[in-house]
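This report describes one protein model for a reader who has not seen it before. The sequence and structure come first, and the description follows.

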Amino acid sequence: MCFVMVPPTLLDRLNPDQKKAVLHEGGPAMVLAGAGSGKTTVLTTRVAWLIAEKNVQPHNILVVTFTNKAAGEIKERIQTITGSRLPYSGTFHSLCAKILRIDGQYIGLDQNFVIYDSNDQDQLIKNIYKAHGFDKAEFNPKAALAAISNAKNEIVSPKEYKKFANGAFQTFVGKLYTLYEAELIKAQAVDFDDLLLKTLKLLQNNQTIRNKYQSLFEHVLIDEYQDTNTVQYQLSKIFAHPQNNIYVVGDFSQSIYAWRGASYKNMMQLKKDFPEITEYRLEQNYRSKQNILDAATDVISQNTSHPILELWTKKDAGELITSFEAESSRDEAKQVVSYIRDHVFKKALTYNDIAILYRTNAQSREFEEALISAGIPYRLIGGTKFYERTEVKDMIAYLRYVLNQQDSVSLTRITKLGKRRLANLTDWMGKQDPAVLIETAPIDILKDILEVTDYEAKYAKETEEHLQRLGNIQELLNVASQFDTPHQFLENVALIQNDYLMDALPEEDNSVNLMSLHAAKGLEFAMVCMVGMEDGLLPHSRSLFDAAQMEEERRLCYVGITRAKTKLYLTHARSRFQYGTTTSAIRSRFITDISDHLIEHIGRGSTSYGNKGGGRTNYFHSSDDYSNGYKKKKAQKKNGFTEPRRIIPVDDSMVDDVLNGNVDIDDLIDF
C-alpha cells in the first residue's frame, strides 16, 4: 500500500469549482475547463487526492495527455506533491506503444517492431510508387498518405476503404493502402496511427488482454478530451470499463483540430454512453484581463452547436482591445512592429512576452521581413521560416536556373522534382531570349514556370498541408510583384535569407514569437497581435459557406484571443496584393462580434465601424493626420470654438513632440 499525506494546503489553493471537480467521488465525470482556468492543477490535484485520500495505487491510475510536455509536467507535479511516480502517464501513442511491446505478439506483432516516423512513411510510399510504376503527378504521394492516415483514424481497413471508394483518387488510395499495410507487416513496422489502431484491435479481439488492462486501470483521467479522434475515443471507453471511473477534462470552445480527425462531438457522445456522468465547470480564469475574456465570449457565443463557458476573472478590466486597420499588408506589418517596440521600450515587456498569431503560415513572410528590417529577433514556432519552406525553395531554384544554366545547385534540386518538369522547362527556355528574360518582371517568369512545369499539381489534393503550400507559392508571387527584374528579386531573397538586414543578429531566447493560431493552443503571452483579421483569412475563405467549418474558425479565433494576458491587438488591412493585383479586404466578422465598450478602432475607415453600437473610434492614424489635425485644433481654439473631445492613437512622433515641448499634453488630450 502507498501511504501518502496530501499537504493540507493543497486543496486550499483551489477555488470552489476546482475543489468540487477534484473531490468527485467516483463514476464518470466531465470537467469543462475554460482557457486559463487551471485545468492542469485540477488534474494533478485529483490524482494526488486519489493516491493519498482514496489509497489508489499509482500503477492503477492511467493519465493520458496529448503532448509529451504535458505528460512530463503532470508526472513531475504528482511526484512533487505525493512522492509517487506514475508508471502509466503519457500520450495515447506512448501508452499504446508500451502495450504493444508487452502484448503485441497476440496480433502477430514482433516484440522488436519498429515505429516509422513521417520521413520513414514518405520513403516507404516512394518505394511503393517506384516498384509499381505509380504516377506521382496523377496521385500525389503525400495526399494519398494523408488519406490512409484519415482512414486509420476512422477505423477503416484497406478492405473497407476499397469497398466504399468513390472516384479515381479514392480507388487508387484503396490499392495503395493495401500495399502499404503489406510492406509494414513485412518490415515488422508500425506507423503512429497503427500504434492506436493495433492496440484497439488487440483489446477488442482478445478478452484476456482486455481484462488485464481493465483490471489494472481503476481510474482513467484524460486531458484535452475535445481533441480525441474516433480511435482514441474507443480506447478511452475500453480502458475505463467496467469501473467507469473515467474523468475527462476538455473545452468544446478549444476544439480546433477537425482537419486531423479530432472532434468535440466525442464529448457529447461520452454523455450518451455514460448518462450518469457528472459535469463540472471551471470558468474562473487566471490568465487574462476581463476585457479580453469578454471579447472571447462575444466571439464564441455565436456558436450554437456546443456549450459555451462564461469566463471571468478577479483581475481588473484591463486595457481596451485595439483594432487597427492598415492600408496594406506591408503597413499592417510595420504597425505591428511599432506596437512591439512601444511595449518593449516603454512598457518593459521582453520580446519573449509577445506573440504574432496568424491563420495561415504564408502570412508570416511579411512579418518576418518587417522584424528583420527593424532588427528585432524572432522565432518561428511550429513552422519553417518562409524562404526555407520546400515549395518556396523549389520555385527559387527554378528561377535561378532559368537565369543561369551553370547553377549546378539549383539544377540538382529541380531535377529531383521530376524529369518531365525539367524537360518542359528546358523546352520553354529554348524559346526565350535571355536578354529579354533578365528585364522581365519576376512575377511573370514565375507564373510561366508554374505553368510549364505544372508544379502546383504536386499539391492538387485539398489537404490542409497542401493548401498551406499553395498559399506560400502565392505569397512568393506577391513578393516577386514588388520587383522590376528577376535579379533584383533574387538579391532581396538572398539578403533576407542571410539576415543581412538584421546585421546578422542571431535568434535569441528573448525573441518575438511567430506562429499559426493552431500552434498557439496551450500557450500564453502578455501581448498578442492577431493579424490578418479579414473575412477570407480569419474566417478562412473555405469556411464562408459551411456552417460547421465557420464554427471551427470561430473556435480558432477564441483560442487566439485567450492567449493574451494583458494586451490584445487585432489588425487587418484595407487591401492585399494577391494574384498580381491589389484587392479590397473586408474586416473579419469576428471583430464585429466584439461589444463596442471592449474595443477601440484605429486606422482609416474606423469612423464607419459599428461594433454593436459603434465602439471607440480614433479618427487619425498617421503623422500627417496628426499634424494637420493639430493645426486645425489650434486654429479652432484661437477662434473660441472646439470640437468634442476625442482620443487619437499616439505614435512615436507625437511622444517626441510632447517630450520636446512642441506640444502641450492637454492640447493632445483635447484634440
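Pro242 is found in the loop between helix H11 (230–240) and E7. The model is a predicted one, and in it the peptide bond from His241 to Pro242 is cis, with omega near 0°. The loop between H11 and E7 also holds Asn244. Phi of Asn244 is near 60°, a positive value in a residue other than glycine. Asn244 counts as buried because its relative accessibility is 19%, and the cut-off for buried is under 20%.

Another cis peptide bond runs from Leu538 to Pro539, with omega near 5°. Pro539 sits in the loop that lies between strand E13 (525–530) and helix H24 (547–561). A positive phi, near 50°, is found at Glu224, again in a residue other than glycine. Glu224 belongs to the loop between E6 and H11. With 17% relative accessibility, Glu224 counts as buried.

| Site | Feature | Value |
|---|---|---|
| His241 to Pro242 | cis peptide bond | omega near 0° |
| Leu538 to Pro539 | cis peptide bond | omega near 5° |
| Glu224 | positive phi | phi near 50° |
| Asn244 | positive phi | phi near 60° |

**The whole protein**

The protein has 28 helices and 18 strands. It is made up of 671 residues, and 54% of them count as buried. Among contacts with a separation of 6 or more, 77% are between residues 24 or more positions apart.

**The six-stranded sheet**

Six strands form an open sheet in the order E3-E2-E6-E7-E1-E8, and their pairing is parallel. Strand E3 (89–91) and strand E8 (278–282) are the edge strands, each pairing on one side only. From one strand to the next, the twist averages 15°. Strand E2 (residues 61–65) runs parallel to E3 and is joined to it by three bridges. Within this pair, Val64 has Gly90 in E3 as its bridge partner.

Helices also pack on this sheet. Helix H2 (residues 39–53) touches strand E1 (29–33), E2, strand E6 (219–222), strand E7 (246–250) and E8. The direction of H2 makes about 170° with that of E6. Helix H3 (residues 68–82) packs on the sheet as well, touching E2 and E3. The direction of H3 makes about 170° with that of E3.

**Strands E9 and E17**

Strand E9 (residues 321–326) pairs with E17 in the parallel sense, over five bridges. Phe324 stands opposite Ile602 in E17. Is strand E17 (residues 599–603) mostly covered or mostly uncovered? E17 is mostly covered, with five of its five residues buried.

**Helices H18 and H20**

Two packed helices are described by the angle between their axes and the distance between the axes. For helix H18 (residues 419–430) and helix H20 (residues 442–453), the axes come within 8 Å and cross at roughly 130°. H18 is therefore oblique to H20. Their crossing is right-handed.

Which residues meet where H18 and H20 are in contact? From H18 come Arg421, Asn424, Leu425 and Trp428, and they meet Ile445, Asp448, Ile449, Val452 and Thr453 in H20. By class, this contact has five nonpolar, two polar and two charged residues.

Terms used
Residues numbered from 1 in each chain as written. Predicted model: local features only at pLDDT ≥ 70, side-chain atom pairs only at ≥ 80, totals over all residues. Heavy atoms only, no water. Buried < 20%, exposed > 50% of the residue type's maximum accessible area, 1.4 Å probe, protein only. Helix = DSSP H or I, 4+ residues; strand = E, 2+ residues; numbered from the N terminus. Pairing = 2+ DSSP bridges. Axes fitted to C-alpha atoms, helices over the stretch in contact; angles between N-to-C directions. Parallel < 35°, antiparallel > 145°, perpendicular 65-115°, else oblique. Left-handed = near helix turned anticlockwise from the far one by under 90°. Contact = heavy atoms within 4.5 Å. Nonpolar A, V, L, I, M, F, W, Y, C, P; charged D, E, K, R; others polar.
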